[in-house]
Amino acid sequence: MSASEIPKQQILERLGELPSLPSVYHRAREAMDDPNGSVETLAQIIGSDPAMASRLLRVANSALYGLPAKVDSVWRALTIIGMGETRSLILSTAVVTAFRDMPLGAVSMRSFWEHSIACGIAARTLARRMSLDNPERLYLVGLLHDIGRLCLFILEPAAMSTVLQAHRERQGQLHEIERQIFSTDHAEIGAALLARWSIPPAYCTAAQAHHDVMSPESTTVETALTHVADIIVNSLRIGTSGSRWVPVLDDTAWRMTRLAPSDLPDIVETTIGTTRDVTSAFLEQ
Amino acid sequence: MNLALHPRLLSPADSPGEHSQSTPINVYPFAFDILREAIGRFPACRTLGELFSALSHCARLLLPSAQTAILLRQPDACFELVFSAPISARGHLRNLSERLIDSGGFAQAVRQGGHCIEALEDEACLLHTIATPRHIYGMAIWVAKDIPALLRQPLGALVDIAALSLDRLQGGAESFLLSGGPETHNGGACTLLDDIAIPADQLTGLAHRTHFIQFLQKVLLDGTPNTAVGIILLDVDGFHRVNREFGCETGDRLLRDVALRLDTALRSQFVYDTIGAAECDLCFARTGADEFGLAVARMRHPQRLAEIATHLHSHVSEGFVQQDTKLYLSISIGLATSHAISGAVSAQSLLRSADSALKRAKLGGRNQHVVYESIWDEAGSPHLRTESLLQEALRKDQFALYLQPLFRLDDMALVGAEVLLRLRISDGIPLPPSSFIPVAESTGQIVEIGEWVLRRACHQIRDWNLRGFPPIALSINVSAIELSRTDLSTRIRHIAEQEGVPPERLHIEITETAIARNEEQALINLEALRAAGFEIWIDDFGTGYSSLKSIKHFPISGLKLDREFVHDLAQNPATQVIASSILSMARNLGYPVVAEGIENADQFEFLRQQGCDRGQGFHLGRPVCIQVFENRFFPARPQDEGSEN
């Protein structure tokens with residue numbers, strides 16, 4: 001194959017072609033940023049988009065939040081979950097909904113989200129285990145870590161097909177082959193997309209560096225946890241964003257989690273136990 | 001199936017400096033580690049692609065900046081570049097290897113018992129023959145700014161280990177045939193010969209049907225207690241439409257995406273947990289042109305296999321994108337498990353069960369799955385019954401030839417006969433072909449039956465020759481399946497020669513629909529048959545697929561006007577117009593026409609006046625068995641006359 005390199009800039013310029021987040025998300029976000037905003041206003045905004053509201057309720061009632069009883073009003077759901085989680089609930093629902101009905105190629109949207117959701121759950125479980133503050137944000141970090149791959153699948157389907165084929169033939173890890181073809185990789189593209197969506201920088205950094213924990217400026221705890229969660233989920237084979245092998249575990253990242261191998265069985269069990277239900281809450285009609 | 005390389009081998013150090021700092025000091029402990037890995041990993045590689053990737057990764061652990069090129073010796077003794085890493089260096093490595101061949105570097109490497117080093121302007125190359133004591137398979141080339149002397153020996157050892165694996169993969173053949181040309185320039189993959197090592201499908205990378213069946217046979221033989229073996233057959237609904245509307249290239253790409261997506265969806269913990277099996281218990285293969293098969297061994301929850309079908313449906317129903325076009329495919333799925341089959345289970349019986357479930361899924365409106373139930377057997381699926389019936393008929397010689405006479409319409413002279421097949425089962429009534437030919441076509445038995453008919457017809461001609469009967473030609477119908485086989489013309493020629501029948505005594509009848517099934521192969525077959533002297537007639541002309549094309553492109557001898565344009569000739573003016581246009585067109589093109597299905601005097605008269613050359617039909621003569629045919633058309637027994645002399 002002649003190396004028909006596709007310049008990074010060309011892909012970054014085309015990010016605008018991707019589906020945009022629904023307007024209800026932007027309005028909800030304004031309401032959440034408003035110091036005088038209330039849960040009532042937010043619930044009203046979300047209720048104005050019935051599709052969003054019902055999807056959000058399904059996710060709120062899934063194993064993700066483990067609510068004691070079924071909730072059937074948005075307002076109650078937001079009250080129980082709390083403002084911090086509400087943010088991530090609304091964003092994740094908006095992102096998955098925006099991309100949900102786009103056909104892809106060799107990797108199905110379902111496999112992609114299954115992998116992402118599982119990674120989010122694994123990252124959150126790790127964070128809880130480490131007793132981090134606000135472990136819920138790790139769910140969103142994990143969920144979005146591979147979003148750049150979705151961009152590549154949609155924007156460069158033919159080139160990605162070549163990349164996947166080379167990966168299948170064991171010519172290297174998927175992100176390495178991406179770099180050979182695109183002069184960039186899904187991590188960098190994903191970070192750019194998240195920045196475009198004005199997602200806080202910590203999330204962008206984690207997406208950018210989850211294969212490259214060594215770079216000193218990015219060795220945040222989010223990055224390390226995403227890296228480890230990605231490896232756990234890949235080795236469990238829960239969905240996939242295209243990779244057929246488990247990436248190599250970085251020692252620094254592993255040490256940052258301060259976990260012992262004996263912690264893993266519980267984490268694995270929680271991840272497997274939760275992912276399936278959450279995936280169907282996000283994807284099924 | 002699960003031969004993932006050790007992660008360390010898959011991700012060579014990203015920064016070139018990482019290992020090379022330590023190389024000058026003491027490389028050997030590290031080199032031994034890598035060689036140990038290579039010894040463990042290379043033999044597990046199933047394909048050349050995997051083997052060379054593993055080789056290149058091991059080499060890059062020793063020399064992170066190295067580019068790798070692998071060239072294999074072709075049957076014509078040329079070296080062909082089959083692998084390069086990184087991919088982007090392919091062009092450079094190709095030029096380089098050509099220069100090294102020209103400069104004699106290759107020859108020198110072979111002479112010096114394996115390796116040689118060449119210093120070029122700004123980089124160094126290490127060449128090492130990929131060879132075992134018995135064969136030279138090819139050449140490995142490493143290119144880097146500098147290749148430290150200490151590393152040459154470990155790199156050479158890596159190649160030697162790889163060569164041993166080649167021995168095993170290739171079974172001792174001296175050269176590797178590159179399938180499908182060395183590379184496709186139009187952005188195609190630089191995939192290489194993956195199907196040499198195990199029977200893997202070139203397009204999808206999945207295993208072939210043969211491997212699938214072997215897997216089934218093996219696991220059925222193993223028979224772990226309290227577990228079941230199951231099959232899922234998946235057929236893409238109406239895939240031929242994709243090929244027709246978007247072209248085969250898009251069709252191929254789409255099929256590859258479908259295969260990869262299904263394969264990916266199957267490699268999932270959820271799948272393993274649902275059916276209670278491990279990854280190595282699954283064998284996913286391309287079992288037909290647009291059919292895939294999953295075999296599952298040692299399954300603890302066979303009753304949950306149908307959930308996998310639902311799972312696969314949900315992955316496929318999202319749709320696919322090919323060149324900015326969204327395509328929505330559906331698949332029909334048939335399932336069968338060994339625990340649902342009563343009695344002894346063989347790979348064949350399991351496949352047959354899954355296949356009849358698949359047929360039910362198709363018949364039931366596609367895009368669904370159906371699980372095989374043993375109760376179907378007791379009810380006796382007509383299809384299966386006919387299939388075994390045909391097998392028995394072939395064995396017990398229950399087929400019989402019937403002949404329908406063909407006449408010249410001018411003078412009603414007998415010019416030939418169409419050979420028809422009848423099946424006489426025990427109750428004595430001959431079954432018409434329409435009741436068993438479709439089954440024979442779907443099971444592939446048509447090939448065997450076709451051969452039987454041809455041989456029997458040849459016997460008949462020889463018999464008539466011996467008895468001095470007129471040398472009329474016999475017309476034989478060739479099915480779509482036979483027509484798309486590569487060995488058709490050789491087989492027919494061979495049988496005719498063996499039986500001592502001159503080709504002009506056999507006319508081959510084919511339909512346009514049969515041609516359309518695989519036009520390219522059909523054309524090759526027909527040209528070969530025509531060149532050998534057989535006449536080719538288009539059967540059922542006018543009703544088939546894309547009518548006029550066959551006249552234009554195919555080496556035909558004449559047309560058989562379909563009965564559709566004969567049966568209401570007297571009543572329908574439109575039919576008259578069509579029939580006379582076909583006749584006048586054929587006349588202008590110089591093709592004789594046989595009218596089929598002439599059932600009354602009016603039709604006969606009309607066709608004769610319109611200049612139709614020949615005809616057949618109940619009005620002129622029904623199909624009869626050979627004895628009756630001889631009695632009717634060769635009444636004056638020449639043999640008896642002969643004995644009077």
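## The β3-β4 pair and its sheet in chain B

In this predicted model, Ile117(B) has Leu126(B) of β4(B) as its bridge partner. The two strands involved, β3(B) and β4(B) (residues 124-131), pair in the antiparallel sense over five bridges. In general, strands of a sheet pair through backbone hydrogen bonds, either parallel or antiparallel.

The pair belongs to an open sheet of five strands in chain B, with the order β2-β1-β5-β4-β3 and antiparallel pairing. The edges are taken by β2(B) and β3(B) (115-119), each of which has a single partner strand, so one side of each is left without a neighbour in the sheet. On average, and with direction ignored, neighbouring strands of this sheet are turned by 20 degrees against each other.

## Helices on the sheet

Two helices of chain B are described against this sheet. α4(B) lies across β1 (67-73), β2 and β5 (136-144) of chain B, and runs at about 145 degrees to β1(B). α5(B) packs on the sheet as well, where it touches β1, β2, β3, β4 and β5 of chain B. The direction of α5(B) makes about 145 degrees with that of β2(B).

The loop between β2 (79-85) and α5 of chain B holds Pro86(B). A cis peptide bond joins this proline to Ala85(B), with omega at about -5 degrees. As a general point, most peptide bonds are trans.

## The side of chain B that touches chain A

How many residues does each chain give to the contact between chain A and chain B? Chain B supplies 36 residues and chain A supplies 35 residues. On the chain B side, the elements that give two or more residues are α1 (7-10), α4 (48-62), α5 (90-102), α10 (248-266), α11 (269-275), α12 (305-316) and β9 (320-322). Of these, α10(B) gives the most, with five residues. By class, the chain B side divides into 15 nonpolar, 14 polar and seven charged residues.

Chain A has 16 helices and zero strands, whereas chain B has 26 helices and 22 strands. Of the 285 residues of chain A, 52% count as buried; for the 645 residues of chain B, the share is 42%.

Contacts between residues at least 6 apart in sequence can be split by separation. In chain B, 66% of them join residues at least 24 apart. In chain A, residues 24 or more positions apart account for 67% of the contacts with a separation of 6 or more.

Which residues of helix α4(A) (residues 50-60) are buried? They are Met52(A), Arg55(A), Leu56(A), Leu57(A), Val59(A) and Ala60(A). What covers the buried residues of α4(A) includes α2 (23-33), α3 (39-47), α5 (74-81), α6 (83-100) and α16 (264-283) of chain A.

Two of these covering helices, α3(A) and α5(A), also pack on each other: their axes come within 9 Å and cross at roughly 130 degrees. Angles over 145 degrees would count as roughly antiparallel and 65 to 115 as roughly perpendicular, and α3(A) and α5(A) are therefore oblique to each other. The crossing of α3(A) past α5(A) is right-handed. From α3(A), the contact is made by Val39(A), Glu40(A), Leu42(A), Ala43(A), Ile46(A) and Gly47(A). From α5(A), it is made by Val74(A), Trp75(A), Leu78(A) and Thr79(A). By class, this contact has seven nonpolar, two polar and one charged residues.

## Positive phi in two loops of chain A

Most residues other than glycine have a negative phi. Asn134(A) has a phi near 50 degrees, a positive value in a residue other than glycine. Asn134(A) sits in the loop between α7 (109-129) and α8 (136-144) of chain A. Is Asn134(A) buried or exposed? Asn134(A) is exposed, because 9 other C-beta atoms lie within 10 Å and the cut-off for exposed is 12 or fewer.

Arg258(A) likewise has a positive phi, about 50 degrees, although it is not a glycine. The place of Arg258(A) is the loop between α15 (251-256) and α16 of chain A. With 11 other C-beta atoms within 10 Å, Arg258(A) is exposed.

Key:
Residues numbered from 1 in each chain as written. Chains lettered and ligands numbered in written order. Predicted model: local features only at pLDDT ≥ 70, side-chain atom pairs only at ≥ 80, totals over all residues. Helix = DSSP H or I, 4+ residues; strand = E, 2+ residues; numbered from the N terminus. Buried ≥ 20, exposed ≤ 12 C-beta atoms within 10 Å, placed from the backbone. Contact = placed C-beta atoms within 7 Å. Nonpolar A, V, L, I, M, F, W, Y, C, P; charged D, E, K, R; others polar. Axes fitted to C-alpha atoms, helices over the stretch in contact; angles between N-to-C directions. Parallel < 35°, antiparallel > 145°, perpendicular 65-115°, else oblique. Left-handed = near helix turned anticlockwise from the far one by under 90°. Pairing = 2+ DSSP bridges.
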